[in-house]
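Please look at the sequence and the structure shown here. Turn the model slowly before reading on.

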Amino acid sequence: MALVDLFVAFCFLLGIGGAFFTAFHPNIMYAAISLIMTLVSVAGLYGALGADFLAAAQLIIYVGGILIVILFAVMMSQDIYKKRFAESARKYILPASASLIIFLGLASLSRKMDWSGSTTPDFEPTARAMGWALVGPYAVPFQYVVVVLLVGLIGAVVIARPAIKNEDEGADS
Amino acid sequence: MLQELGNAFAFVLLAALLPPIILVLGSFFRPSFPHEGKLTTYECGEMPVGSAYLMFNNRFYLVAIVFLVFDVEVALLFPILMLFREAIEIGGSTALQVFSLAFAFLGVLFVGLIYEWKTGDIDWVKDAVDRKDAMLGGGPIAKVEAKSGENIA
Amino acid sequence: MSLAELLSGVNQFIGVGVPMFVFSILGAVIVILLFAMPVGGFATYIERKIAADFQERIGPNRVGPIGLLQFFADGIKMFLKEDTISKNADKFIYNFAPSLVMAGSLGAFAAIPFSAYVIGADLNIGIFYAMALGSFVSLGVLLGAWSSENKWSLLGGMRGAAQIVSYEIPLGLAVLSVITISGTMSMHELVSQQAWPSAAAGQGGHFWNIVHNPFMFINFFIYFIAALAECNRVPFDLPEAESELVSGFNTEFSGMRFGLYALAEFADVILFACIATAIFLGGWHVPFYDLRSLDLGLTIGDANLNPLIQTVAMIGVFLAKVSVLIFIVMWIRWTLPRLRVDQLMNLCWKYLIPIAFFNLIGAAVWTWVFEGQSMIQLIGKVMGVL
């Protein structure tokens, strides 16, 4: 078994384990930490598939950005450490059946594919191709992304504004 | 290219495994005499008062969200600006296309930053009273919050 | 050519086919354990000596000749100290956080081009990879502070995470301007292009990026300031805050754990100095001469020793430049006072980011108008030399 295959298997197990703990661990801080495992293993999978730029972008954006936001949110919630997040078994039925259907669909799809003779190809660097794609065929969705980012930026600061003290309102309750 | 990624991974793995190895190695040599004083949280020599978890101002969260948006922007600009020189060699119109797209991207988010600057949202210390003027006459959200009489600054 | 490939050349001599991953790990061991960690430890001694010089005293001079073995003694002391964990601390995260910080600072040494023939991993996305690993450091600081179960650590950690995270943007924008004028993200390419300009076609390059155009000159200082903030060095050391928050986010870490954090912080300084040298100060290039054409004609048997001599010369030049930058970092530490946290945030969002943004536009316009030529190349063309 090639070393790459071992690495992919390791990333796979780390990702599934991380996702499992993120969803089910009663301590919310440990759930957030398990998310690190999942995201790093996804970056590893991207690397093993030859998408070098995407692996590094995953680390920068997800681990360095989104995880910080999630951890800040967890740390700022009041009394969140005293809560034990354990759901009743009844709440698992609908998500479990949805996951099972998706799994069966993906499994039947993978059965139809031809897995024989798959060797690791000699990968090309991807960053330049991504750059040409972003200014060429995908330029318009790229600019839509800009607008979405701007909306997120302004929306976050608007929600976080402190209340305006209206002096001529006095004791109004 | 996988070989180079594997080299990089070897570096990261070695660096991540170094602290546990050093600490486990040291545990064979270190003394261990636990004592109540040593196990208490350090608060300049006094007994710790109150919970160790503070209520934080939401300015930290806001900085994290603004950082996230700009981080995505920087990460997406890397592949585009990488091919700027190549685009110059290809021809003028390709270079103009790359330049305008990249700086439209950067410029839109920069305008967002200027807006936040002007309304005082990226100040570390926000003053609730002065901000009434900054909100262009006070939108409907502000009026609803002020009417309830509660100050949640 | 990566270090692992270089080491695998020994396969020819042994005759046994050792698998490649052994050489990858060997390369990592050489760079991390034989360069980053000893230099980081030795730099603590140098810092104390320099601090003593600035403060008109002598500094450590007892252990070994002129105190040279001081860092060794410090290391042994920290190694043998008792490891106290407060009883309320979250043990798993407490143990996990130093690994994140170390992975972030030491792992990025893979991308540093020490010479034309020695680089840990010759990645096509070299500088992007170094930035990606820098984002682990903020996580490690935050989690370490939180798990210590100490209000002041938590405050220091939150401020530290907010600071590290904010200053990644000007850092990224300064690096983006370098990529714009060079057209590549690979560290090896970035350094190769900073050769002394030569009239022969296909040889030489634009000279060091810092003198490429005026915008790059300013960007070097933006990069330097942002790197100081990333490493939690004065004037941005509020997360550590030696006189305010006890010791900030690493209050509850004692003995070797503290040693790991201190080492990771210093390795971070060395890392940013190495990256600044590579992308702004021309890496292993010297003015007026291309070290790749150094030819002393020495041979052992029928093996040409030139690559070895060139590598030694290049590594020497690189480390000399890195040492100058580290000296400047230490100089600033013992000179300037600390910034307040709102001044810190204002500096980043209201000053550095707009300046970096306009510099990026300026660098892009310069590249377009002059087709990527630097000021030195233009002067050479005007003088008729190039």
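The paragraphs below go through the chains, the places where they touch, and a few single residues.

This is a predicted model, in which local features need pLDDT of at least 70 and side-chain atom pairs count only at pLDDT 80 or more, while totals for chains, interfaces and linings use all residues. Residues are numbered from 1 along each chain as its sequence is written, and chains are lettered from A and ligands numbered from 1 in the order in which they are written.

Start with chain B. Its secondary structure comes to seven helices and zero strands, where helices (H or I, at least four residues) and strands (E, at least two) are DSSP runs, numbered from the N terminus. Read along the sequence, the pattern is α-α-α-α-α-α-α. Of the 153 residues in chain B, 36% are buried. A residue is buried if 20 or more other C-beta atoms lie within 10 Å of its own, exposed if 12 or fewer, and partly exposed in between, with the C-beta atoms placed from the backbone.

How confident is the predictor in chain B? The average pLDDT, which is the predictor's confidence in each residue from 0 to 100, is 78 for this chain, and 73% of the residues score at least 70. Within chain B, confidence is highest in helix 3, at a mean of 92, and lowest in helix 7 (residues 140-147), at 42. Residues 129-153 of chain B have a pLDDT below 50, and beyond near neighbours in sequence this stretch has 32 contacts in the model. Two residues are in contact if their C-beta atoms, placed from the backbone, lie within 7 Å.

Buried residues in helix 5 of chain B include A95(B), V98(B), F99(B), A102(B), F105(B), L106(B) and L109(B). An α-helix has 3.6 residues a turn, so residues three or four places apart point the same way. What covers the buried residues of helix 5 of chain B includes helix 3 and helix 4 of chain B, helix 5 (127-135) and helix 6 (139-159) of chain A, and helix 12 (341-370) of chain C.

F110(B) is also found in helix 5 of chain B. Is F110(B) partly exposed or buried? F110(B) is partly exposed, because 18 other C-beta atoms lie within 10 Å. Its C-alpha atom is separated by 52 Å from that of S27(B), 83 residues apart along the chain. Just after helix 5 of chain B, G120(B) takes a positive phi of about 75°.

Next comes the side of chain B that touches chain C. Here 57 residues of chain B are in contact with 72 residues of chain C. The elements of chain B that give two or more residues to this side are helix 1 (2-27), helix 2 (36-39), helix 3 (59-82), helix 4 (84-90) and helix 5 (92-118). Helix 1 of chain B provides the largest share, 17 residues. By class, the residues on this side of chain B divide into 44 nonpolar, seven polar and six charged. Ala, Val, Leu, Ile, Met, Phe, Trp, Tyr, Cys and Pro count as nonpolar, Asp, Glu, Lys and Arg as charged, and the others, Gly among them, as polar.

Chain C has 13 helices and two strands. Of its 386 residues, 54% count as buried. For that number of residues, a compact globule would have a radius of gyration near 21 Å, and chain C has 22 Å, which agrees. This radius is taken over C-alpha atoms, and the globule rule is 2.2 Å times the number of residues to the power 0.38.

Chain C also meets chain A, with 18 residues of chain C in contact with 15 residues of chain A. Helix 6 of chain C gives the most to the side of chain C that touches chain A, with ten residues.

Two residues of chain C have backbone angles to check. Most residues other than glycine have a negative phi. Phi of I66(C) is near 45°, a positive value, and I66(C) lies in the loop between helix 3 (20-54) and helix 4 (70-80) of chain C. Phi of E371(C) is near 50°, also positive. E371(C) counts as exposed, because it has 11 C-beta neighbours inside 10 Å.
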